[in-house]
Amino acid sequence: MTPFYYSRSEQYSKMARMFYVEFLTTKAVYDSGKFVVKEDAFRENICAAINLCQKIDDSYIGAIVFEAMAIESYVNLMGVYLTDENVYYKETRKKSTKEKLSYIFGEMGKEFPEDLKEKIGGLFSKRNDLVHQKPRAIVIDIQNSDRETIL
């Protein structure tokens, strides 16, 4: 009997695409400047801009994280399908997704394409920066003797 492997890779990929479309749409609104609420409502305009920036950030994070999850899921599915499942999991248990792909390509007697390696590395670098955020302290000075207080 042929084994069946269940994977959420398609689900993650679909979610990444939805977040990416939301990112592009929201960023286009922001770039157009049409988010301004009222010409004489400075405080409302600032709040609208902040909310729009937060929505852009939310959709950016969702697109990156879910695309990385989709790729990792696809790679694991490909690994167990194309190689020996038990050996694959034993050999790649603590390896990165790029290392897993190198393993799979090697087992198939092929070379892992450099351009693909770079693209995947870039995506996972962005994902790691988001998932393993290292906050830094900042100071925001809204008053300065050279300008008026805005609020």
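This note goes through model confidence, helix packing and salt bridges in a predicted structure.

1. Basis. This is a predicted model in which local features need pLDDT of at least 70 and side-chain atom pairs count only at pLDDT 80 or more, while totals for chains, interfaces and linings use all residues. Residues are numbered from 1 along each chain as its sequence is written, and side-chain values use heavy atoms, with hydrogens and water left out.

2. Confidence. The chain has a mean pLDDT (the predictor's confidence in each residue, from 0 to 100) of 87, and 86% of its residues reach 70 or more. Helices here are DSSP runs (H or I, at least four residues), numbered from the N terminus. Where pLDDT is low, the predicted coordinates should not be read in detail.

3. H4 and H5. Helix H4 (residues 97-107) packs against helix H5 (residues 114-131) at about 155 degrees, with the axes 10 Å apart. Axes are lines fitted to C-alpha atoms, for helices over the stretch in contact, and angles run from 0 to 180 degrees between N-to-C directions. The two helices are therefore roughly antiparallel (over 145 degrees; under 35 is roughly parallel, 65 to 115 roughly perpendicular, the rest oblique). Contact (heavy atoms within 4.5 Å) involves Thr97, Lys98, Leu101 and Ser102 of H4 and Lys117, Ile120, Gly121 and Phe124 of H5.

4. H3 and H4. Helix H3 (residues 85-92) and H4 pack at about 140 degrees, axes 10 Å apart, and are therefore oblique to each other. Val87, Tyr88, Glu91 and Thr92 in H3 meet Lys100, Tyr103 and Ile104 in H4.

5. Salt bridges. The whole structure contains 2 salt bridges (a side-chain nitrogen of Lys or Arg within 4 Å of a carboxyl oxygen of Asp or Glu). One pairs Lys27 with Asp31, with the closest N and O atoms 3.0 Å apart. Both residues lie in helix H1, 4 residues apart, about one turn of the helix.
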